[in-house]
Amino acid sequence: MSLFRCLVPILLILLSGSARAEQALQLSPELAPAPTLNYSPASPPAVALLPDPSREVQDELPPIPTIDLTTPPDDLWQRMRNGFSMPDLDSPLVADRQAWYLNRPDLLQRVFERSRRYLHHIVDELEKRGMPTELALLPIVESSYNPLAYSSARALGMWQFIPATGKTYKLEQNWWLDQRRDIVASTSAALDYLQYIYEMHGDWHLALASYNWGENAVGRAVAKNQAKGLPTDYRSLKMPAETAYYVPKLQAIKNIIAQPHLFGLRLEPIPNRPYFGMVERNGNMDIALAARLAEIPVEEFIALNPAYSRPVMPTAANSPLVLPADKVQTFLDNLQNHEAQDKPLSAWLTHKLKQGEKLDAVAKRHGISAARLKQLNGINARTKIVPGFALLVPGKDAIGYDSIAARLPQTPVSPPKATKWKKGKSGGKPRAINVKIRKPAAKPAVKPKRR
């Protein structure tokens with residue numbers, strides 16, 4: 001009984017304290033915090049405002065466009081675009097040259113059509129060397145992709161090598177042929193040189209300026225700016241007008257190729273496969289016979305083998321035949337049949353002049369005119385005719401010697417008259433590599449040629 005009496009007061013105290021605590025928690029409306037604008041007790045949970053995750057998974061979203069560089073594209077133009085890696089040149093001259101080319105769509109189409117024979121080989125060689133593929137557009141600037149282009153500086157071929165430069169890079173130049181016109185040999189030489197001057201300057205724009213103006217001239221221009229504390233990039237150098245427009249030309253063509261639709265131009269696709277193949281040969285062979293065995297027109301044969309100046313391709317040239325890829329097997333089959341019949345590969349003869357022998361007498365003996373004999377042998381007013389001089393004359397079975405002689409490319413005795421380069425007047429005309437290139441690891445000793 002006494003224990004109960006003791007517990008009752010304690011229980012009353014505890015119940016009283018709990019009631020007061022609950023009353024203290026019940027604040028009056030005046031003291032309650034004002035509701036905020038971005039929250040309401042009645043609002044649904046924030047999670048309910050998010051999209052339904054299951055629906056997100058089911059929705060078909062547009063795919064992100066990608067470029068698959070592991071699979072070769074079908075179009076050679078796209079393959080080239082994928083390899084563009086040269087820094088773009090930001091210059092008002094680029095827009096100027098872009099306008100020049102775009103105002104001549106017929107010229108562009110002719111050049112692009114001409115390039116179809118050679119472009120795959122050049123892009124292939126650039127990729128093997130890890131070089132920017134826009135360099136495959138450089139022959140447009142140099143020669144309009146014409147392997148027979150000849151400049152006032154005596155530069156020849158697609159890549160426009162002067163004689164001394166050609167010799168430095170082992171391009172044969174003799175009575176029989178001029179390898180500055182050779183598609184395969186000149187491309188290899190040009191890429192060798194471009195690699196060399198890029199390694200010299202460490203800058204593609206300066207390398208291209210050297211290709212046009214000469215590495216020594218560019219080196220001096222860079223040194224002058226360094227001495228004055230001025231920038232040494234391409235745009236900052238003082239250079240001739242032609243060189244100042246040189247890289248802008250290439251950049252303009254690159255821009256057009258990169259986005260032809262932007263300029264309202266349609267580029268015909270070029271199949272991304274070799275246009276030509278090469279066949280090794282043994283012994284002299286007539287150009288007319290080679291074309292006939294390949295079953296192609298002589299004009300097509302010369303376009304792929306433009307180095308030869310005579311109706312006969314000599315063994316000493318050590319150059320393979322270049323034939324359309326789909327005609328290589330045709331040529332080999334026909335050649336096998338031709339040799340099985342014990343027929344000669346050349347019907348042309350070599351005649352050495354004797355003491356006192358005249359050209360007229362030699363021509364008459366072989367049934368041709370003296371003028372034709374001179375044409376076949378590249379004889380002009382400056383040629384020295386002496387005893388022992390070797391003349392190429394047609395044998396009785398020579399095929400179409402008359403028409404062949406007229407079509408074969410020749411290196412003119414005198415270069416075309418130089419035209420002073422004026423701002424805004426030059427576009428895609430053939431230009432020379434106006435430099436004398438030094439051999440690797442040798443000091444340049446020859447002053448670059450000037451236009």
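This note goes through a predicted model point by point, from the whole chain down to single residues.

1. Overall make-up. The protein has 451 residues, and 45% of them are buried. Its secondary structure consists of 18 helices and six strands. The accessible surface comes to about 25,400 Å², with 56% of that area belonging to carbon and sulfur atoms.

2. Contacts along the chain. Take the contacts between residues at least 6 apart in sequence: 73% of these join residues at least 24 apart.

3. Nonpolar cores. The largest nonpolar core contains 67 residues, and Trp159 and Leu194 have the most contacts inside it. Leu194 touches Met131, Leu135, Leu138, Trp159, Trp204, Leu208 and Tyr211, when residues up to four places away in sequence are not counted. There is also a second, separate core of 25 residues, and Ile287, Phe301, Leu321 and Leu335 are among them.

4. Ile122. This residue belongs to helix H6, which covers residues 119-129. Is Ile122 buried or exposed? Its relative accessibility is 0%, so Ile122 counts as buried. Leaving out neighbours within four places in sequence, Ile122 is in contact with Ala136, Pro139, Tyr145, Met158, Trp159 and Thr187. Trp159 was named above as one of the residues with the most contacts inside the largest core. Thr133 is eleven residues from Ile122 in sequence, and their C-alpha atoms are 8.6 Å apart in space.

5. Helices H10 and H12. Two packed helices are described by the angle between their axes and the distance between the axes. For H10 (residues 204-213) and H12 (residues 241-258), the axes come within 9 Å and cross at roughly 125°. The two helices are therefore oblique to each other, and their crossing is right-handed. On the H10 side the contact is made by His205, Leu208, Ala209, Tyr211, Asn212 and Trp213; on the H12 side it is made by Glu242, Thr243, Tyr246, Val247 and Leu250.

6. Helices H9 and H11. Here the axes of H9 (residues 183-201) and H11 (residues 215-227) come within 12 Å and cross at roughly 15°. Angles under 35 degrees count as roughly parallel, so H9 is roughly parallel to H11. This crossing is right-handed. H9 contributes Tyr193, Tyr196, Ile197, Met200 and His201 to the contact, while H11 contributes Glu215, Val218 and Gly219.

7. Helix H13. How many of the eight residues of H13 are buried? The helix spans residues 287-294 and is mostly covered, with seven of the eight buried. The buried ones are Ile287, Ala288, Leu289, Ala290, Ala291, Leu293 and Ala294. Of these, Ile287 is also included in the second core.

8. Positive phi values. Most residues other than glycine have a negative phi. Glu295, which follows H13, is not a glycine and yet has a positive phi of about 60°. Glu295 lies in the loop between H13 and helix H14 (298-304). Ser144 is another non-glycine residue with a positive phi, near 55°. Ser144 sits in the loop between helix H7 (138-143) and helix H8 (163-168). Its relative accessibility is 11%, so Ser144 counts as buried.

Technical notes: Residues are numbered from 1 along each chain as its sequence is written. This is a predicted model: local features need pLDDT of at least 70, side-chain atom pairs count only at pLDDT 80 or more; totals for chains, interfaces and linings use all residues. Side-chain values use heavy atoms; hydrogens and water are left out. A nonpolar core is a set of buried Ala, Val, Leu, Ile, Met, Phe, Trp, Tyr and Cys residues joined through side-chain atoms within 4.5 Å. Buried means under 20% relative accessible area, exposed over 50%, partly exposed in between (1.4 Å probe, protein chains only). Contact means heavy atoms within 4.5 Å. Helices (H or I, at least four residues) and strands (E, at least two) are DSSP runs, numbered from the N terminus. Accessible areas come from the Shrake-Rupley method with a 1.4 Å probe; for residues, only the protein chains shown count as cover. Axes are lines fitted to C-alpha atoms, for helices over the stretch in contact, and angles run from 0 to 180 degrees between N-to-C directions. Angles under 35 degrees count as roughly parallel, over 145 as roughly antiparallel, 65 to 115 as roughly perpendicular and the rest as oblique. A crossing is left-handed if the near helix is turned anticlockwise from the far one by less than a right angle, and right-handed if clockwise.
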